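Please report on the chain interface and on one helix packing in the structure shown here.

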Amino acid sequence: MTTVAELERRVEAGEDGLGDILEVSMGPHHPSTHGVFRMDVRLEGEKVVRLKPVFGYLHRNHEKIAEHGAYLHAIPYTDRLDYLCSMTNNWGYVLAVEKLAGIPVPERAEYIRVIVAELTRFQNHAGLVGFLLQDMGASGTPLMYAFREREKILDLFESLSGARMMCNYLRFGGLRVDCTPAWLEEARQLIARLPRFVDEFEALLRANEILMARTQGTGVLPRELAINAGVTGPMLRASGVNYDIRKVDHYGIYDRFEFRVPLGDHGDVYDRYMMRILEMRETVKILEQALRGIPSGPIMDPKTRLRGLRPKPGEAYGRIEAPKGELGFFLISDGSMNPYRYRVRPPSMINLTILEDMCLGHNVADVVVILGSVDIVLGEVDR
Amino acid sequence: MSALPTAEELKAQIEAAVSGAVVTVIPNGSLSAQHSLLLDHEHARAVALFLRDHPDLRLDYCSLVTGVDWLDTELTEKIKVKKMVAGPDGAETEQEVEETRKTKVPGYLEAVYHLFSMEKKHGPVVLRLRTANRTDRTRVPSLTPVWRSCEFQEREAFDLYGIVFDGHPDLRRILMWEGFEDYPMRKDYVPPADDILMEARP
């Protein structure tokens, strides 16, 4: 394939018959970009020869806002990072604060955290598969199947925390409110139905010829590049790297549950799609175990001061396996009420580092599919 | 998960392997006890390569890169000095008086790197690079050639803090728009009084 530099040199030399290089600005209002995201794409015919992502349309300096408030103030703001997965965002942040200030978490709270986080993962993956198929032109149907299930999970979140998407539910040292036995029963009934949904969903898509043709061999991400570029989450595991922070760090109580980490082989879009389906099944396993083992007891550490928390000067980096990858929070305390430095490690932004590498040489229509398989949410990319 | 050497052990290993490298251990007072290593600019990339490729460390994954702004501070100390002091009767006598002396400690910008190992499944190792000051000497070497994951995050530190990364392949603003001049994450940043959106209106 001709490189851009070479083509530019030949254009400057006045060579004829090169064909045209077309510069297309995909976005910020392109439906496939899942928000306000732009790609400056250079095309030679239909082939992509250069692609530069452009961010910042949704930038509101989340980190500065959090540095201006107390530790507690940042929790509702984290909901708005990856606005599909507020529960896991909360968890990443409170984990960092707990590391910084050495706060213990009661057992029951740990179990409820696992339940809400895994429900979040499930609805995120179902939604992603729906969106990916939507990007491929399967208008509506798979997305509606996914959203039907997502609605039920959001209903559960609503009855637990009062909000469907902006849950603001976790606190350092525990949780905001306890769940009732009726809620647990509802969750149990929902989770019992989830495997059937995954079966149905997969049967609908698995052997689909168009899906196979569009995704297999598209956007291959080699293993070494994935590691070096800091790609995390299902995308990394689709490239065959066994790295799941739930297994590596055992944060919370993940060492108590039995689940497997699905791994891909080819690192193409199809593997990334399959990763989500397989992870949904593992998630159901974790959920079943967590609901079986949940003890009674308090949900907040009694000694923790939510308002007016003043951790000792120092710093801490806490990270969790969010549905999109490694979500980390880096906090520096100077001993005052608010964090001196508050930094989010946004998985979906860093997963975009290798977007150009995956797209080069593909048709422009494949860019949409490759981007869809990365799973980005612009609230988190731009912060 | 294999055990990772402590910060002091790492310092010794690095200084033995990379000749001339100056590594300082920065202790972390919080309960997380994630101590960090301050590197000198000249050998930073060699040290990074050593950490990435050493068979026992294999820190192949750079998770987080961020900037931190440390303002100029004033160190206030009380010292005793001998001085001629006029007494109530007008005669000057030598007396010891207390004076406060203020010394200015220049601030700096800091780039912080959190390293993990996907192969050995350990971490984090925290690296720090510091600029000479906050105004005109804000350069540090880029580690993007070692870890590709630094690419966007170093751009972000450049965009929001004004840290210039030498050797970065594509150092442009990433979240703010081109033509924006200040660095919004700095501690002394003052947002413009006027609504910028009004200015942009034709």
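The report below covers the basis of the values, the interface and a helix pair.

## Basis

This is a predicted model, in which local features need pLDDT of at least 70 and side-chain atom pairs count only at pLDDT 80 or more, while totals for chains, interfaces and linings use all residues. Residues are numbered from 1 along each chain as its sequence is written, chains are lettered from A in the order in which they are written, and side-chain values use heavy atoms, without hydrogens and water.

## Interface of chains A and B

Contact (heavy atoms within 4.5 Å) joins 47 residues of chain B to 50 residues of chain A. The buried area (accessible area, 1.4 Å probe, that two parts lose on being put together, summed over both) is about 3,900 Å², and carbon and sulfur atoms give 56% of this. On the chain B side, Met118(B), Arg148(B) and Phe152(B) lose the most area to chain A, together 18% of what that side buries.

Five salt bridges are counted between the chains, a salt bridge being a side-chain nitrogen of Lys or Arg within 4 Å of a carboxyl oxygen of Asp or Glu. Arg343(A) and Glu156(B) form a salt bridge through their side chains, at 2.8 Å from N to O.

## Helices H4(A) and H5(A)

Helices here are DSSP runs (H or I, at least four residues), numbered from the N terminus. The axes of H4 (residues 86-101) and H5 (residues 107-135) of chain A come within 9 Å and cross at roughly 140°. Axes are lines fitted to C-alpha atoms, for helices over the stretch in contact, with angles from 0 to 180 degrees between N-to-C directions. H4(A) and H5(A) are therefore oblique to each other, as angles under 35 degrees count as roughly parallel, over 145 as roughly antiparallel, 65 to 115 as roughly perpendicular and the rest as oblique.

Terms used. Helices (H or I, at least four residues) and strands (E, at least two) are DSSP runs, numbered from the N terminus.
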